[in-house]
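Visitor: Please give me a close look at one part of this structure, and then connect it to other features of the chain.

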Amino acid sequence: MYYYDILVADISYKGTALLTYSYEQLLQPRQLVGLRLRNKLTTGIVIAKTVKPNGVKIKPLDSVIAQEQLPAWYIPLVEWMSKYYPASPSEVANAAVPSSLRTYKPTDKKADALQPVTLDKLPDRIQPSLTTLQQSAFESIQKAKQNSVLLHGITGSGKTRLYIELIQETLATGKSAFVLTPEISLTPQLQKNIQEHFGNRVYVTHSGLSSAKRRDLWLRVLKQTEPIVVIGPRSALFTPVMKVGAIIIDEAHDLSYKQDQVPHYHTSRVAAMLAKQTGAKLILGTATPSVVDYFTFSSKNLPIVTLDKKALKQTHTTSKEIIRIDDRSLFTTSSWISDPVIASIKTAIHRGEQSLIYLNRRGTARLVVCQACDWQAACPVCDMNYVYHGDSHTLRCHTCGTNRKAYTSCPECSSNDIILRSAGTKMIQEELGRLLPDARIARFDTDNNPEESMEHMYRQLHEGIVDVAIGTQTIGKGLDLPKLRMVAILQADSSLSLPDYVAEEELFQHIHQLIGRIGRGHRAGQAYIQTRQPDHPVIASAISGNYTEFYEAELDKRRQHLFPPYAHLLKVQVDYSTRDGSRKLLENVKNTTLKKHPNVIILGPAPAYKEKVGSSFRWQLIIKAKQREILVDIARNLPQKCRFDIDPSRML
């Protein structure tokens with residue numbers, strides 16, 4: 001009988017120590033095994049052979065899931081994450097290893113089905129050839145001495161074509177590549193583009209697959225010794241690829257790369273560590289780099305490679321028009337969709353072209369705005385927008401907790417025309433259906449029927465089966481639609497109402513990305529931006545595509561108010577049966593923290609943006625510190641009732 005120290009890959013194990021199990025056969029470190037944890041069948045990773053502990057009954061392992069060992073980088077990455085994010089190694093391993101392996105019983109028949117197949121031959125050359133600018137960018141990435149490269153390429157500059165060239169070079173050296181996407185909606189398009197060149201060397205994983213299919217794909221990759229390409233969302237980074245040569249993060253600015261659950265990791269940070277451990281090249285590709293990423297690369301003299309020209313020769317123009325929402329003469333047939341937008345949709349349908357209607361749904365509810373002068377109620381302490389609470393007729397800051405009675409008239413112009421408005425994609429679809437009864441209109445958002453797969457929806461869009469597509473954030477990300485002529489952004493400025501330091505950055509990214517869906521060389525394009533704040537500097541920078549102008553202004557604001565990249569953040573939340581219970585617990589946390597770390601800044605306690613969760617009241621603290629290690633220490637010593645998120649993507 002042999003004895004082994006096992007890392008349990010299950011979040012239900014709250015300990016940090018390895019557990020000892022027995023097995024009748026000799027096992028190797030990093031093998032995956034099935035085991036019983038308090039009679040629950042789950043998975044574990046063999047760490048090392050050990051001796052039998054004295055006086056303790058040792059449970060036997062249930063099974064050996066695979067004879068192959070996990071890659072050499074796997075355990076070191078788990079260990080690093082458990083320290084950096086603070087979480088137990090089991091919580092990290094739980095996020096890395098598919099949960100469907102817990103009940104997997106290997107058999108000879110299953111093992112045969114998972115054996116690697118003969119892979120397609122690598123292409124000698126990729127067509128079409130790189131443009132001069134793409135070739136220059138490719139050579140810059142090759143020559144970069146650092147592991148990480150920021151690829152700042154405008155929409156339509158051919159970043160995907162450059163990815164394919166980088167993949168080709170990586171596979172030719174006998175190493176594999178990861179290509180990560182922020183949304184499942186982008187996976188079919190990337191899969192199509194990359195599979196055209198690399199065939200069955202491409203493995204695609206995402207949440208749209210059944211748990212059994214994701215598990216089998218994971219095990220096939222574990223058995224694969226030839227260089228391959230793995231495409232998928234953030235969790236795909238933990239697919240057990242043996243030799244990692246390149247990690248490409250597409251749309252790297254996207255907040256979807258931040259895991260909201262334990263261990264709260266950010267994909268680009270974990271990918272940077274994996275690249276460092278394996279010597280792989282990490283490429284962060286984006287048209288709108290996050291302010292934090294751009295600052296980090298600039299301040300550390302890391303390479304920023306720029307693609308500032310369209311890949312296809314431009315024979316068509318893209319026009320942009322701002323529609324003032326407060327000019328009601330432009331809204332004679334609909335309260336939400338302007339007359340120029342409706343006319344443009346009709347023109348596109350007549351020409352056999354498509355229109356995209358984007359609804360900026362974030363922040364459209366409970367905002368206090370003056371219809372006459374566009375004044376918005378903001379907190380005097382932290383300059384974040386107040387949120388209206390109808391039950392108490394009060395305005396509350398969800399960052400620092402400041403509150404006041406609701407305004408009955410505008411303090412700027414004395415108008416009584418103060419409004420609260422919101423709209424959803426379903427309502428916009430109904431409105432367009434009334435105005436355009438013969439048009440083929442479809443919604444593309446999270447409210448769609450799960451049976452309508454993203455691949456099916458993308459195919460409908462790409463083939464022109466849909467005349468008018470309506471969507472929220474997902475639809476504006478990276479899609480290349482050759483028949484798309486017109487983009488309209490409804491309520492473009494609504495997200496400025498959010499009491500969050502990233503609100504303006506997200507708005508810039510969304511407008512810039514949406515305008516980038518047109519004018520990609522296929523045909524002439526028209527963009528309409530409906531807004532109450534046509535002169536807002538963020539909207540102006542986004543429409544002109546001036547990233548530098550936006551970046552410098554945003555950086556100055558964050559410097560003044562001490563937000564990332566000038567401070568690190570820790571969000572602490574608690575759910576309690578009463579408001580007073582939530583507030584008191586966080587007051588105690590605040591006082592204890594300030595005694596130990598007097599130099600941190602703590603905002604709150606304040607209600608979370610969505611305070612009522614079931615029968616509980618959710619409150620939060622935002623803790624700022626110059627040294628991230630201080631926040632890690634605070635997080636490790638929080639009361640058990642508290643949840644935390646270090647480096648949160650949003651404060652809401």
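Guide: Tyr-547 and Tyr-551 stand 4 residues apart in helix α15 (residues 547-561), which separates them by about one helical turn. Helices here are DSSP runs of H or I with at least four residues, strands are runs of E with at least two, and both are numbered from the N terminus. The model is a predicted one, in which local features need pLDDT of at least 70 and side-chain atom pairs count only at pLDDT 80 or more, while totals for chains, interfaces and linings use all residues. Residues are numbered from 1 along each chain as its sequence is written, and side-chain values use heavy atoms, with hydrogens and water left out.

An α-helix has 3.6 residues a turn, so residues three or four places apart point the same way. The structure holds 15 aromatic pairs, where rings of Phe, Tyr and Trp (its six-membered ring) pair if their centres lie within 6.5 Å. Because the ring centres of Tyr-547 and Tyr-551 are 5.8 Å apart and their planes meet at 20 degrees, this pair is stacked; planes under 30 degrees apart count as stacked, those over 60 as edge-to-face and the rest as tilted. Tyr-547 is buried at 6% relative accessibility, and Tyr-551 is buried with a relative accessible area of 9%. Buried means under 20% relative accessible area, exposed means over 50%, and partly exposed lies in between (1.4 Å probe, protein chains only). Ring pairs also draw the two tyrosines into a cluster with Tyr-294, Phe-508 and Phe-550.

The peptide bond from Pro-564 to Pro-565 is cis, with omega near 15 degrees. Another cis bond runs from Gly-604 to Pro-605, with omega near 10 degrees, and Pro-605 lies in strand β25. Most residues other than glycine have a negative phi, and most peptide bonds are trans. Positive phi values in residues other than glycine occur at Arg-30, near 75 degrees, and at His-264, near 55 degrees. Arg-30 belongs to the loop between β2 (19-23) and β3 and is partly exposed at 23% relative accessibility. His-264 is placed in the loop between β10 (244-250) and α8 (267-278) and is buried, with a relative accessible area of 8%.

Strand β25 also takes part in a charged contact. Glu-611 and Arg-579 form a salt bridge through their side chains (2.7 Å, N to O). Glu-611 lies in strand β25 (residues 601-613) and Arg-579 in helix α16 (residues 579-596), so the pair ties together parts that are 32 residues apart in sequence. A salt bridge is a side-chain nitrogen of Lys or Arg within 4 Å of a carboxyl oxygen of Asp or Glu, and by this rule the count is 26. Glu-611 is buried at a relative accessible area of 7%, whereas Arg-579 is partly exposed at 36%. Within helix α16, the side chains of Asp-580 and Lys-584 meet in a salt bridge (3.2 Å, N to O), and these residues are 4 apart, about one helical turn. Asp-580 is partly exposed at 36%, and Lys-584 is likewise partly exposed at 47%. Elsewhere, salt bridges that share partners join Asp-10, Lys-40 and Arg-102 into one network.

The side chains of Asp-216 and Arg-215 meet in a further salt bridge (3.1 Å, N to O), with Arg-215 buried at 15% relative accessibility. Arg-215 is one of the buried residues of helix α7, which include Leu-217, Trp-218 and Leu-219.

Two arginines lie over aromatic rings. The charged end of Arg-269 sits over the ring of Tyr-84, 5.1 Å from its centre, and Arg-328 lies over the face of Phe-331, at 4.4 Å from the ring centre. A charge sits over a ring if NZ of Lys or CZ of Arg is within 6 Å of the ring centre and within 35 degrees of the ring normal.

Strand β6 (residues 148-153) runs parallel to β12 and is joined to it by 4 bridges, where two strands pair if DSSP finds at least two bridges between them. Val-305 in β12 is the bridge partner of Leu-151.
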